[in-house]
Amino acid sequence: QVQLAESGGGLVQAGGSLRLSCAGSGSIFRFDAMGWYRQGPGKQRELVARITRGGNTNYADSVKGRFTISRDNAKNTMYLQMNSLKPEDTAVYYCNANVTNWTSIKYIYWGQGTQVTVSS
């Protein structure tokens with residue numbers, strides 16, 4: 001079983017910054033690609049940023065230049081540095097991880113979500 005523990009959400013004024021963390025744990029062989037998704041009020045869940053195990057990244061157009069995704073493979077932890085936050089960034093942010101277990105079976109896991117609220 002794999003657990004993804006998110007932290008770092010909160011309330012911030014527009015223009016401010018937050019840093020989200022997602023710590024993975026469990027008896028698995030490897031964390032592969034990981035990503036951050038978000039779901040705003042009345043909206044569908046959308047991809048914010050994604051990072052491969054090797055460090056290749058891609059971002060939603062709406063956050064390019066403001067958000068930075070990174071990871072520490074030794075700690076099974078992923079980060080999302082969010083700068084120049086806007087009210088439209090308000091959402092529940094979810095951590096997503098693709099994992100490979102010791103028998104080479106692949107799974108997808110989700111964290112419980114962390115609320116980010118940006119006030120104008």
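Student: Where does asparagine 76 lie?
Tutor: Asparagine 76 is in the loop between S7 and S8. Keep in mind as we talk that this is a predicted model.
Student: What is phi of asparagine 76 near?
Tutor: Its phi is near 50 degrees, which is a positive value in a residue other than glycine.
Student: And is asparagine 76 buried, exposed or partly exposed?
Tutor: Asparagine 76 is partly exposed, and its relative accessible area is 25%.
Student: Which residue other than glycine has a phi near 65 degrees?
Tutor: That is serine 104, again with a positive value. Serine 104 belongs to the loop between S9 and S10, and with a relative accessible area of 58% it is exposed.
Student: Let's switch to the strands. What is the order in the open sheet of 4 strands?
Tutor: The order is S1-S3-S8-S7, and the pairing is antiparallel.
Student: Which strands stand at the edges?
Tutor: Strand S1 (2-7) and strand S7 (67-72) do. Each has a single partner strand, so one side of each has no neighbour in the sheet.
Student: How many degrees does the twist average?
Tutor: From one strand to the next, the twist averages 15 degrees.
Student: How many bridges join S1 to S3?
Tutor: There are 6 bridges between S1 and S3, and the two run antiparallel. If you want a spot to look at, find alanine 5, which stands opposite alanine 23 in S3.
Student: New topic: disulfides. How many are there?
Tutor: The count comes to 1 disulfide. Cysteine 22 and cysteine 95 form it, with their sulfur atoms 1.9 Å apart.
Student: Remind me, what is a disulfide?
Tutor: It is a covalent bond that joins the sulfur atoms of two cysteines.
Student: Which parts does the pair tie together?
Tutor: Cysteine 22 lies in strand S3 and cysteine 95 in strand S9, so the pair ties together parts that are 73 residues apart in sequence.
Student: Is cysteine 22 buried or exposed?
Tutor: Cysteine 22 is buried, and cysteine 95 is too.
Student: What do nonpolar side chains tend to do in soluble globular proteins?
Tutor: In such proteins, they tend to be buried together.
Student: Okay, rings now. How many aromatic pairs are there?
Tutor: The count comes to 3 aromatic pairs. In one of them, the rings of phenylalanine 29 and tryptophan 102 have centres 5.1 Å apart and planes at 70 degrees, so the pair is edge-to-face.
Student: Where do phenylalanine 29 and tryptophan 102 lie?
Tutor: Phenylalanine 29 is in the loop between strand S3 (18-26) and strand S4 (30-39), and tryptophan 102 is in the loop between strand S9 (91-100) and strand S10 (106-110), so the pair ties together parts 73 residues apart in sequence. Phenylalanine 29 is partly exposed, at a relative accessible area of 44%, while tryptophan 102 is exposed, at 59%.
Student: And what about the rings of tyrosine 37 and tryptophan 110?
Tutor: Their centres are 4.9 Å apart and their planes are at 65 degrees, so this pair is edge-to-face. Tyrosine 37 sits in strand S4 and tryptophan 110 in strand S10, 73 residues apart, so to speak a link between distant parts of the chain. Tyrosine 37 counts as partly exposed at 22% relative accessibility, and tryptophan 110 is partly exposed with a relative accessible area of 39%.
Student: Last one: over which ring does the charged end of arginine 19 sit?
Tutor: Over the ring of tyrosine 79, 4.1 Å from its centre. The charged end of arginine 45 sits over the ring of tyrosine 94, 3.7 Å from that ring's centre.

Notes. Residues are numbered from 1 along each chain as its sequence is written. This is a predicted model: local features need pLDDT of at least 70, side-chain atom pairs count only at pLDDT 80 or more; totals for chains, interfaces and linings use all residues. Side-chain values use heavy atoms; hydrogens and water are left out. Rings of Phe, Tyr and Trp (its six-membered ring) pair if their centres lie within 6.5 Å; planes under 30 degrees apart count as stacked, over 60 as edge-to-face and the rest as tilted. Buried means under 20% relative accessible area, exposed over 50%, partly exposed in between (1.4 Å probe, protein chains only). A charge sits over a ring if NZ of Lys or CZ of Arg is within 6 Å of the ring centre and within 35 degrees of the ring normal. Two strands pair if DSSP finds at least two bridges between them. Axes are lines fitted to C-alpha atoms, for helices over the stretch in contact, and angles run from 0 to 180 degrees between N-to-C directions. A disulfide is a pair of cysteine sulfur atoms within 2.5 Å.
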